[in-house]
Amino acid sequence: MKKRVLSLIICACLLVVALCGCGDDEKSSGKGSKGTTFEYLNKMPDKDLGGYNFIIAEACYYGSEDRPNMEPGASELSDAILARNKAIEEKFNCTITYDYYDPTSFYDEMYPRIMSGEKVADIMDVTLFTYGKLSVGEYLYDMSTLPNVNFKKDHWIDIYDDTVSLASGERYGASAAFANPYTHGFGIYFNKRLISELGLDDPYKLLKEGKWNWENFGRLLNKAMKDTDSDAAFGSNDIYSITGGLDGGITAFYLANGLNMFDIDDNGFVRYAMTDENVIPTLTTLKSMFAPPGAYYYGGGDSSLCTEMFINGQVTFYMNLTTRGQALREMEDEYGLVPVPMGPDVDKYYSAIDHNTPIVCVPSSIDNPEATGIILEALAATSYSELDVWQEEIATLYYSDDESAKVLTDYILPNVIYDPVFMYSRIDKSFEAQTITAIFKPIARDPNADAATIINSGKDAVQALIDEVINQGR
């Protein structure tokens, strides 16, 4: 109830208080304050855009957390979005229109229209994998040249800056709260009843004591399963240690040890990173961790079946996005949330995001850069405080205890990271095969597969292809 009241208070502030924010400072370290409301908008120069129709092309999955119900009163977040859009429309005499697209077909539908010169949108809110395909062609506008946009402000979140900003100064993507990148961070849910019945250490206690790491998590996995029918084989009626609604949960472990699949070198070029020294030892450790019978429930690759097994109380741990707890609210058992355990070669927690994470870009076919820049900057500034509203909504609707919300705030969101491969894996089949597949296949899909063999079989060809397809534009 306290969270609900707090959410209502925050939303009310967004709707009626125009002078309670900060955000007029240069970028500070970390995410900075999320207090920006409409003060920044009020300080922007007045500009009558004559009813300009500002189009946002959103590539998001229908019904997902990424696409909130925009009916008035649907939620505190929806009302906050409607309020800031209305404030922008009134300030600049414009309208804000949303066009929705399926992420899987967005690129194929959009690129011929952009190349023909058609104005498809002013900005595009797309997935990382779609952005990568657009960025290697001549489909995107250099956002650094947009009038009235200041990427040094706190309301521009700098998660992607090293990848989307080229050494020459061009910028083809950005991150802001209206395309919330924090919706796609991974965490580990756990069944509290099974933790107690199986006599396991409390994950919250381990986290608080600084002992939530791979070593202790591996010990938990070895004891978190149960052969309930005592037939010496694990089937769908037994209790498993861990499952994942997404294969990305396995790659999140890999990234949690401070490694990358692709990375950016000192000259700003993309580099195949899976030949680095710690890669094979890390993958060997992970394979050993998940290998014992009953440790990992694969479910034949059916993510919904994996989720169902956790909901039904047949799996102790569940790897998924921290914003997918809504699906778990039908569970009879209480569940908690902790970050991905700390890797053996790092001294902090890393919370990886996945290839469906949103990123903002501008099509090269825009017809009014001044209007695009003005409204884009206003959207970034006025949406920044929505991160608070979003966190409260997540805590209220998706989690079953107060500790989960604290973990999200204190451990997961401040440590969000990503791998450039999530931008480029869909450009060529070998990119995914030599990176993401090389991680999850030997660990969770095929015990006979060998990561080193997969990586070494194409490492030179992959780097050559990276140089040809990606780096030639950087």
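Throughout this tour, a residue is called buried when its relative accessible area is under 20%, exposed when that area is over 50%, and partly exposed in between, as computed with a 1.4 Å probe on protein chains only. The model is predicted, so that local features need pLDDT of at least 70 and side-chain atom pairs count only at pLDDT 80 or more, while totals for chains, interfaces and linings use all residues. Residues are numbered from 1 along each chain as its sequence is written, and side-chain values use heavy atoms, with hydrogens and water left out.

**Start with a salt bridge**

Select Lys119 and Asp122, whose side chains meet in a salt bridge at 3.0 Å from N to O; the term stands for a side-chain nitrogen of Lys or Arg within 4 Å of a carboxyl oxygen of Asp or Glu. Asp122 is buried, at 0% relative accessibility, whereas Lys119 is partly exposed, at 23%. The structure holds 19 salt bridges.

Go next to Arg219 and Glu215, where the closest N and O atoms of the salt bridge are 2.7 Å apart. These two residues stand four places apart in helix α9, which covers residues 214-223, and are therefore separated by about one helical turn; helices are DSSP runs of H or I with at least four residues, strands are runs of E with at least two, and both are numbered from the N terminus. Glu215 is exposed, with 53% relative accessibility, while Arg219 is partly exposed, with 44%.

**Move on to the aromatic rings**

There are 22 aromatic pairs in the structure, a pair being two rings of Phe, Tyr or Trp (its six-membered ring) with centres within 6.5 Å, called stacked if the planes are under 30 degrees apart, edge-to-face if over 60, and tilted for the rest. Select Tyr107 and Tyr139, an edge-to-face pair with 6.0 Å from centre to centre and 70° between the planes. Because Tyr107 lies in helix α4 (residues 103-115) and Tyr139 in the loop between α5 (128-135) and β4 (156-157), this pair ties together parts that are 32 residues apart in sequence. Tyr107 is buried, at 15% relative accessibility, and Tyr139 is buried as well, at 12%.

The rings of Phe234 and Tyr240 have centres 5.6 Å apart and planes at 55°, so this pair is tilted. For a cluster linked by ring pairs, select Trp212, Trp214, Phe217, Phe253, Phe290, Tyr296 and Phe317.

Two rings also have a charge over them, meaning that NZ of Lys or CZ of Arg is within 6 Å of the ring centre and within 35 degrees of the ring normal. Arg171 lies over the face of Phe151, 4.1 Å from the ring centre, and the charged end of Arg426 sits over the ring of Phe129, 4.5 Å from its centre.

**Finish in the nonpolar cores**

A nonpolar core is a set of buried Ala, Val, Leu, Ile, Met, Phe, Trp, Tyr and Cys residues joined through side-chain atoms within 4.5 Å. The largest has 118 residues, and Met274 and Phe290 are among those with the most contacts inside it. Select Met274 and, leaving aside neighbours within four places in sequence, look for its contacts (heavy atoms within 4.5 Å), including Tyr254, Leu283 and Ile455. A second, separate core of 34 residues includes Ala87, Trp156, Ala176 and Ala378.
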